[in-house]
Amino acid sequence: MIIKFGTSGWRGLIARDFTFENVRLATQGIADYLNSQVRDPQSAIGGRKPVVILGHDTRFLGREFSLAAAEILTASGLIPQLCQRDAPTPVIAHTIRNRNAIGGINMTASHNPAAYQGLKFSTCNGAPATPEVTHQIETNIARLLKQNWHFKAAVVGTFKCREFDPQTAYFKQLRRLVDFGAIRKARLKIAVELMFGTGRGYLDALLEGAGARVTVFHNELNPLFGGHHPEPNAEGMAAVSRYVRSGKAQLGLGLDGDADRFGIVDKNGAWLTPNQVLALALYHLKKNRRWTGAVVRTVATSHQVDAVAHLLGVKVYETPVGFKYIGALMEREPIIVGGEESGGLSVKGHVPEKDGILACLLMAELVATEKKSLGQILRQLEKQTGEFHTDRINVRIPPEKIEALLGKLAGGLDSIGPIKVDKFVTTDGYKFLLPNGEWVAFRASGTEPLIRCYLEAKSAPQLDKLRAACRKLLEG
């Protein structure tokens, strides 16, 4: 079994790949990395008290996997501290910073199907580990395998370590970032989709505490997530959409299984894309809250963000795909808000990690502040910027053809179908800028034989044309 860390850690099927033995092995690789950094006076954690925060989502055996990791960390001279119950990913990230820990290990597979579990390592600033860090951990794991490393562990689930409740400190942080007074005055009726995940007792509790009338969906524990992916996309938010459309709520807010991604439903029951939500967050924080700084988005995220930034006089940064790149820039530069098309967002003064709870609260705050629906605000903006129509399609490619196809894309293209290419961008994958502010981008999946194609057009018919041209290009 080769343990590889992707954009959000190491993930695998429970009992096949994600086993207690492999979790202990991966944790030992992390422990060896952390000990080498603590011993290095030049490192960010040199000489620090070696506290490591542990947490997990609501998946099968999350607590037991965390205790297995705690046992390895303790044997390696580190000090594990475990969140009392399942905890949202952004809460764990905030706790790492708040407790001055040297890192954190979170057992989560985020929005993946229930059969998966994952291990995510975050560094001392609460950000997802960079490729440079995970490469060192993978090297440690390979060395341990070569040495036939083995650990004589306690009976699963019986190891004990210090536990704590991270909620109070996290709520205090959000009260610094969100105008709960505006939400309280508006007395909003809000439908909240928790997807059987870690967000229960967080998003719903904060909204109820601010006087909102909240109707909650799926706030019970269910490691099978009701038989669905715990993802707040249009399909996952369907029940909330119907409820809002019936007139029983003004707004729908949702979280994925570990509460780092968000889903937003407007007053008319329409699901808003994360691209639109990022543009709205920038608009609100700059115009209404008067925050200063730039905005950062990934290469696959809508240029609607750029158009709103231009209206407001805000600089735009573009990064490779993956929130770790956004988070790294947010640590170095004054950034109002950073986000990506897959549903991740964070803001200035917060963690360099996706926070779905915060994103949902900001949308409630915007509706409360402007006393308009999100759709109304978007239409006002589009009168100045024009419309933006986005899509992402996954095209399966025979494995033997992928390399040649990627080589063709890497060489650049003169046109996408009949549409001339204005500029070729290789920040991450292959992005082709087209006339009239339209574009397409291609990235290979790291886990499946498919190519992801991201598209943006200024009208629905033009988006259809781009989609057809890209399918023809990929499928041949």
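Begin by selecting Lys189, which is partly exposed at a relative accessible area of 32%; buried here means under 20% relative accessible area, exposed over 50%, and partly exposed in between, with a 1.4 Å probe and protein chains only. The structure is a predicted model, in which local features need pLDDT of at least 70, side-chain atom pairs count only at pLDDT 80 or more, and totals for chains, interfaces and linings use all residues. Residues are numbered from 1 along each chain as its sequence is written, and side-chain values use heavy atoms, with hydrogens and water left out.

**Around Lys189**

Lys189 belongs to strand E7, residues 189–193; helices (H or I, at least four residues) and strands (E, at least two) are DSSP runs numbered from the N terminus. Display the contacts of Lys189, a contact being heavy atoms within 4.5 Å. With neighbours within four places in sequence set aside, Lys189 touches Arg213, Gly247, Lys248, Ala249, Gln250 and Leu251. To reach the next stop, go to Ala460, 271 residues away along the chain, where the C-alpha atom is 32 Å from that of Lys189.

**Helix H15**

Select residues 460–475, helix H15. Its 16 residues reach 22 Å from first to last C-alpha, close to the 22 Å expected at 1.5 Å a residue, where the expected span is 1.5 Å times one less than the number of residues. Colour Gln462, Leu463, Leu466, Ala469, Cys470, Leu473 and Leu474, which are buried. Seen down the axis of H15, these buried residues fall within an arc of 125 degrees, so they line one face of the helix; the arc is that of the directions from the helix axis to the C-beta atoms. They pack against several elements, including helix H14 (399–410), strand E21 (439–444) and strand E22 (450–457). On the face turned away from the buried side are the exposed residues Pro461, Lys465 and Lys472.

At the N-terminal end, Ser459 caps H15, with a side-chain oxygen 3.2 Å from the backbone nitrogen of Gln462. After the helix comes Gly476, whose phi is positive, near 75 degrees.

Now centre on Cys470, which is buried at 0% relative accessibility. The closest cysteine sulfur to its own is in Cys453, at 3.6 Å, too far for a bond. A disulfide is a pair of cysteine sulfur atoms within 2.5 Å, and by this rule the count is 0.

**The nonpolar cores**

Next, select Leu207, Leu253, Ile264, Val337, Ile357 and Met363, the residues with the most contacts inside the largest nonpolar core, which has 60 residues. Such a core is a set of buried Ala, Val, Leu, Ile, Met, Phe, Trp, Tyr and Cys residues joined through side-chain atoms within 4.5 Å. Helix H12 (residues 356–370) supplies its largest share, 11 residues. Leu253 touches residues including Ile190, Leu207, Ile264, Cys360 and Met363. Of these, Cys360 is buried at 0% relative accessibility.

**Helix H4**

Finally, select helix H4, residues 131–146. Val133, Thr134, Ile137, Glu138, Asn140, Ile141 and Leu144 are buried in H4. Viewed down the axis of H4, its buried residues lie within an arc of 155 degrees, so they line one face of the helix. They pack against helix H1 (20–39) and strand E5 (116–123), whereas Glu132, His135 and Lys146 are exposed on the face turned away from the buried side. Just after H4, Asn148 adopts a positive phi of about 55 degrees.

Technical notes: Polar contact = N/O pair within 3.5 Å; in protein donor to acceptor, adjacent residues only side chain to side chain.
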